[in-house]
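Have a look at the model first.

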Amino acid sequence: MKIRTRIFAVVGLVIAAAFLQALIVVNVEERRSAAAAALDRAIWRLQSQADLGRLIVELDASQRAADAGGPAVPPAERDRFWALYERSAALLPEYLDTPESKRQLAAIDALMREWRAAPAGSDRAALMGRIRGEFDRFETRERSRLGDERIKVSSQSLQSTLLTLGIPAVAIIMLLGLVAFVARILLDPLKSISTSARRISAGTFDVSLPPESNDELGDLSRAFREMITAVQRRQQEVTEARIKAERDHRRLQATIETVPVALVIVDADTGRIALQNRTAAALIGQEPEGEAARQAHWRAFSVTTRDGAPVDVRAWGAGRLLQGQTIMGEELVVKHADGREIPLLVSAAPLREDDGRISGAVAAFQDITSLYEVDRLKSEFVSIVSHELRTPLTSIKGALQLLIEDQVASDPDHTMLLNVALSNTERLVRIINDILDISKIEAGKLELNARPHAVDEVVRQSLQNVEPIAHGALVALKLEIEPAVPAVRVDLDRAIQVLVNLLSNALKVAPPRSDVTLSVRRAADGFVAFSVTDRGKGIAPDKLGLLFQKFQQLDGANTRKARGTGLGLAIVKALVEMQGGQVSVESTVGHGSTFTVTVPAARTVASSQ
Amino acid sequence: MKLLLAEDEPDVQLIARLALKKAGFTVVTVGNGVEVLQRVADERPDAILLDWMMPDMDGYETCRRLKADPATAAIPVIFLTARVQEAEVARAIALGAAGCIGKPFDALTLGTQVLELLQRT
């Protein structure tokens with residue numbers, strides 16, 4: 001049963017009891033007042049009885065006097081007494097309560113009427129004696145009844161008094177009972193639950209709860225138990241999460257300490273190193289406490305780019321990382337005061353809080369001294385091997401050239417074979433030259449001697465160089481030079497190499513009896529543009545981006561004819577860019593391509609054009 | 001016209017000799033700078049071709065000595081060198097050399113190049 005129902009029931013019971021008590025009180029009071037009224041009536045009755053008795057005595061006395069012939073009572077007086085007696089006798093029954101009393105009185109009245117009507121000389125005295133005897137008995141009995149009434153009234157009064165005192169007492173007892181009941185079914189369980197709650201707050205889950213009765217408290221108890229389970233589970237989860245986080249942290253810590261990469265986490269607010277691993281400490285040392293010491297620490301080494309340009313490492317990092325940029329694989333060189341120079345590959349990323357605010361940055365520095373060394377060894381190796389290859393190839397080439405020139409072979413097939421050997425040797429020499437160029441360019445060892453040269457000087461030598469190829473390919477070379485084009489500031493040999501490369505490529509793809517055009521014109525910002533245009537098949541747009549990468553050769557019908565090293569355009573691009581110019585290409589499939597290089601104009605030397 | 005050719009690599013020496021002979025030169029060959037200095041008085045060449053890099057005595061040192069000796073100072077010297085950098089050429093000219101020819105040389109044009117350089121001086 002629900003507690004609400006139980007409380008309603010108990011309170012209802014109490015109210016009903018109180019109501020019952022009130023009814024009892026009312027009832028008792030009624031009876032008491034009825035008894036009191038009866039007493040009043042009894043008193044009245046006694047008085048009327050007494051009056052009636054006196055009248056009977058008067059009537060008897062006056063009759064006896066008349067009979068005795070003594071001083072007679074006037075008849076009128078006697079009639080008046082009689083009238084009074086009749087009235088009294090008629091009134092008295094109204095105060096009589098019992099039929100028996102009324103019957104006795106009626107009997108007495110009948111005897112009286114008989115007495116009055118008795119003729120003179122009859123024994124009235126005897127009759128009167130009977131009457132008075134009857135009346136005495138009547139009176140005696142009524143008197144005793146009055147006594148009964150009195151006892152009844154006083155007993156009623158006692159009852160009433162007892163009730164008046166008793167009812168509040170009962171009410172108080174019932175209220176106390178009610179309170180005790182509420183306490184038992186409501187307050188005790190609540191107290192038990194609040195005690196349990198305190199114990200749980202203190203971390204003890206071993207608590208006793210009220211039994212899970214089928215009421216509101218039972219619900220509360222159940223809910224409480226579920227809450228305890230949930231809290232326990234939550235606590236378990238938190239504990240597990242903490243254990244996992246600690247394990248992850250230890251793993252991460254071990255990883256950070258183990259990797260051969262220097263890791264540094266910098267706090268954005270203080271600008272100080274929040275965390276660094278052993279590798280980092282070995283590289284840049286431990287950042288000391290104290291501002292002055294820290295300044296000295298950071299001045300103990302300098303940082304430059306690979307080209308030697310000085311870098312303020314803090315500004316370099318803060319300026320970009322705190323703006324949210326990520327730095328991927330940039331090269332820096334740390335120079336220590338003791339002369340050590342450590343090339344570093346730097347990657348760094350901002351660290352963000354949950355709200356997206358950048359709170360710092362993590363940077364990874366990889367010591368690439370060994371990579372530099374490997375790179376250097378590779379360049380050296382390539383260089384040495386190429387030189388060593390070139391010398392015997394030169395001998396082979398020279399020998400073949402001399403043999404062919406002297407027409408030593410009597411059989412035309414032999415001449416052809418000698419030509420095959422020569423052309424392949426020449427190709428091998430070109431490949432080696434290209435590899436040497438690329439390795440020099442990549443090692444930064446290619447030296448350029450840029451000087452002012454007239455455009456036609458560059459152009460003439462380039463065209464001369466490719467004239468035999470054009471002749472063989474039945475392609476016409478056209479030259480278009482814009483009037484008054486300025487001289488250019490270039491390394492002559494390298495400029496010729498660039499143009500020869502572009503012209504040879506154009507001649508390879510140009511169909512027979514088409515034109516390859518070399519045009520020279522002013523370009524923007526003090527540059528001169530050299531363009532080589534062919535009427536070949538053109539290059540697909542998706543291939544254009546690959547053109548200037550190393551070892552890229554375009555597929556197609558001309559592949560065999562166009563065999564090169566795959567390095568030509570990469571070298572062209574590097575050579576042009578090293579001289580401050582740019583390379584670009586435009587191509588329409590089916591219509592041909594135009595390669596354009598720009599080189600700086602020489603302002604001091606006038607063009608011969 | 002008589003040329004004294006100093007080249008330590010026998011194959012290169014052979015090709016150069018044949019190429020120059022084909023171009024009409026009389027060629028005397030030696031393997032290093034020391035031999036050049038030993039033979040120059042006897043052979044009296046019209047010009048000397050020196051490989052820049054040779055064992056015992058390299059081309060640079062040989063040229064310096066040739067130019068230092070009044071008896072041989074007048075003989076034009078041409079370098080055969082893999083390093084045709086401007087700085088190297090300038091060093092050679094400063095020593096009194098007639099010029100440089102890049103290695104690897106072209107067998108068919110070697111004679112022409114020698115003639116061009118000799119005519120220039």
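What percentage of the 121 residues of chain B count as buried? The share is 38%, where buried takes 20 or more other C-beta atoms within 10 Å of a residue's own, with C-beta atoms placed from the backbone. This is a predicted model, in which local features need pLDDT of at least 70 and side-chain atom pairs count only at pLDDT 80 or more, while totals for chains, interfaces and linings use all residues. Residues are numbered from 1 along each chain as its sequence is written, and chains are lettered from A and ligands numbered from 1 in the order in which they are written.

**Chain B**
- Chain B has five helices and five strands (DSSP runs: H or I of at least four residues, E of at least two, numbered from the N terminus).
- Its elements run β-α-β-α-β-α-β-α-β-α from the N terminus.

**The sheet in chain A**
- Seven strands of chain A make an open, antiparallel sheet ordered β2-β1-β7-β6-β5-β3-β4; pairing takes at least two DSSP bridges.
- Inside chain A, β1 (residues 262-267) and β7 (residues 358-367) pair over six bridges, and V264(A) faces A363(A) in β7(A).

**Confidence in chain A**
- Mean pLDDT (the predictor's confidence per residue, from 0 to 100) is 84 for chain A, with 96% of residues at 70 or more.
- Helix α8 (residues 313-321) of chain A is lowest, at a mean of 75, and strand β12 (residues 527-533) of chain A is highest, at 93.
- Over residues 556-562 of chain A, pLDDT stays under 50.

How values were computed:
Two residues are in contact if their C-beta atoms, placed from the backbone, lie within 7 Å. A residue is buried if 20 or more other C-beta atoms lie within 10 Å of its own, exposed if 12 or fewer, and partly exposed in between; C-beta atoms are placed from the backbone.
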